[in-house]
Amino acid sequence: MKKLLSYLLVIALVLVQFMPLVSAANGKNDNSGQITITNPVAGEDYKVYQILKLESYDTNKKAYTYKSTDLWKDFVESSTGQKYLSTDSQGYVTWVENADVKEFSRDALAWAKQQGIVGIEPTTNENNVVKFENLNLGYYLVDSTLGALCGLTTTEPTATVSEKNQIPTVKKEVKEAGVYGEENNVKIGDKVEYKTTVYIKKGAVNYVLHDTMEAGLTFNNDVKVFVNNEQVTASADTYQVTKEGNDTFTVKFDDQYVFDLVGDYEEDYVATEIVVTYSATVNENAELCKEEACNTNDNETYLTYGDKSTQSNHDLTKTYTYEFELEKTDGTDQLQGAQFKLYDAETNGNEIKVFQVSDGVYRVAYTDAEKAQATTIVVGLARIEGLDANVKYYLEETVAPDGYNLLANRQEITLHGHTTVTEGDTTTTTAEKNEVEVVNNKGTILPSTGGMGTVLFVTVGSIMVLGFGVLLVTKLRLSKMSI
């Protein structure tokens, strides 16, 4: 029965005991009945099913005789039908005292769909007017593809039923600095937390939440559902996480479960919201927000509902990641050969590993293979992609240009985010160019111990050595001659 009830949340029961005009005291059935649906929703379908036919009546005595129609006889006399309708030996039908009209309507419509009974189409369904005319007088079930129409009419030949079902909506949010909002800033590898709120409405049926992430986001398969701040366990009787078409994931809610939350009337509400949370990780395919084009990584959500799988509003969040340009100079001219590492703290902290994408272009490493090939940032001039905005990063110089002093401390940098301006129906998002210049000082020529005095000393010394050598040779010759 639970499964059977899951199909029943788009229904409404209307007791249409069609009678001649009030001035007539008694009579028999004819085909003068009419049902009008007020406040119909454009694009939705409406049908009626005649369960009982009116045999005769006496309005003064409030006496009415009903029998089941041929199509509905099996249901009326079934164990389910007998919970609501009592049939005597002659086939006359009366209402069981204290029987639940709403439960009857759900069971009746479920049976109609199971048996493939075709409802009566409206004679008019345009310009916000839905009418069923020339109906045989009797007891009717009214079906809307949007949801349940439930109410009792007067004993008149014409009946008016108001479409009291409402269109469900969704709201999508993403966490930034601990607070949920419409957008956030991240670096590659960050976990992004999402929250979707489904505002459930009366007549809830066939609720399916659809979620689609762009290529720069990797779904973490961690869907959780909450009602009244309490987590709901996934099951066939609550919800199931699946995947349909191009969706990243879908959440299919059990009809009976949602109906039990929202009911038919305001006083039936157990809850008006279902909150769905999940997360994604920013990956190597993330789009960049930069000066020439501020691209985003979107996550879009919408709900389908009703027999026609009508779509609710679509809502999305935007996730931004940025780049910066690093230049090494002496304060005037660009220098080549410096190497840097990037950290998340002024001292110690974690190194943010980067992977070289192309000549002079580096990106925050994401995959294990990229992390294994992590490298230092070599400048002159380089671009580093995939970083957060309004967050402090620190550059540590590991190799200085030849002839220049190595920086003693890490240099702090902070990237600018984006600016969004809305004028009329046009929204423009732009980003500043993030440029970082690191200046190195030349190493100075150290003072030498020589100079002009040293040169003279060396010169005089050389002459004295040469003179001493000549004198020595001369004395040796004189010695030989005297011998």
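This report describes the nonpolar cores, the pairing of selected strands and the disulfide of a predicted model.

## Nonpolar cores

The largest nonpolar core of the model has 62 residues, and those with the most contacts inside this core are Phe 253, Ile 274 and Leu 326. Strand E23, which covers residues 273–282, gives the largest share of this core, namely five residues. Apart from it lies another core, made up of 22 residues, which include Leu 52, Phe 75, Leu 85 and Phe 104. In general, nonpolar side chains of soluble globular proteins tend to be buried together.

The surroundings of Ile 274 can be described residue by residue. When its neighbours within four places in sequence are left aside, Ile 274 is in contact with Thr 196, Thr 197, Val 198 and Ile 200, with Val 225, Phe 226 and Val 227, and also with Phe 253, Val 258 and Leu 261.

## Strand E23 and its partners

Strand E23 is mostly covered, since nine of its ten residues are buried. Strand E16, residues 191–199, pairs with E23 in the antiparallel sense over nine bridges, and Thr 197 stands opposite Val 275 of E23.

Two further strands also pair with E23. Strand E18, residues 217–219, is antiparallel to E23 and pairs with it over three bridges, with Phe 219 standing opposite Ala 280. Strand E19, residues 224–227, is likewise joined to E23 by three bridges, and these two strands run antiparallel; here the bridge partner of Phe 226 in E23 is Val 275, the residue that also stands opposite Thr 197.

## An open sheet of four strands

Four strands, in the order E31-E28-E33-E34, form an open sheet with antiparallel pairing. Its edge strands are E31, residues 377–379, and E34, residues 411–414, each of which pairs on one side only. On average, and with direction ignored, neighbouring strands of this sheet are turned by 35 degrees against each other.

At one end of this order, strand E33, residues 392–399, pairs with E34 in the antiparallel sense over four bridges, and Lys 392 has Thr 414 of E34 as its bridge partner.

## The disulfide

The structure holds one disulfide, which is formed by Cys 289 and Cys 294, with their sulfur atoms 1.8 Å apart. A disulfide is, in general, a covalent bond between the sulfur atoms of two cysteines. The link of Cys 289 and Cys 294 is left-handed, with -100 degrees about the S-S bond, and both Cys 289 and Cys 294 are buried.

Notes
Residues are numbered from 1 along each chain as its sequence is written. This is a predicted model: local features need pLDDT of at least 70, side-chain atom pairs count only at pLDDT 80 or more; totals for chains, interfaces and linings use all residues. Side-chain values use heavy atoms; hydrogens and water are left out. A nonpolar core is a set of buried Ala, Val, Leu, Ile, Met, Phe, Trp, Tyr and Cys residues joined through side-chain atoms within 4.5 Å. Buried means under 20% relative accessible area, exposed over 50%, partly exposed in between (1.4 Å probe, protein chains only). Contact means heavy atoms within 4.5 Å. A disulfide is a pair of cysteine sulfur atoms within 2.5 Å. Two strands pair if DSSP finds at least two bridges between them. Axes are lines fitted to C-alpha atoms, for helices over the stretch in contact, and angles run from 0 to 180 degrees between N-to-C directions.
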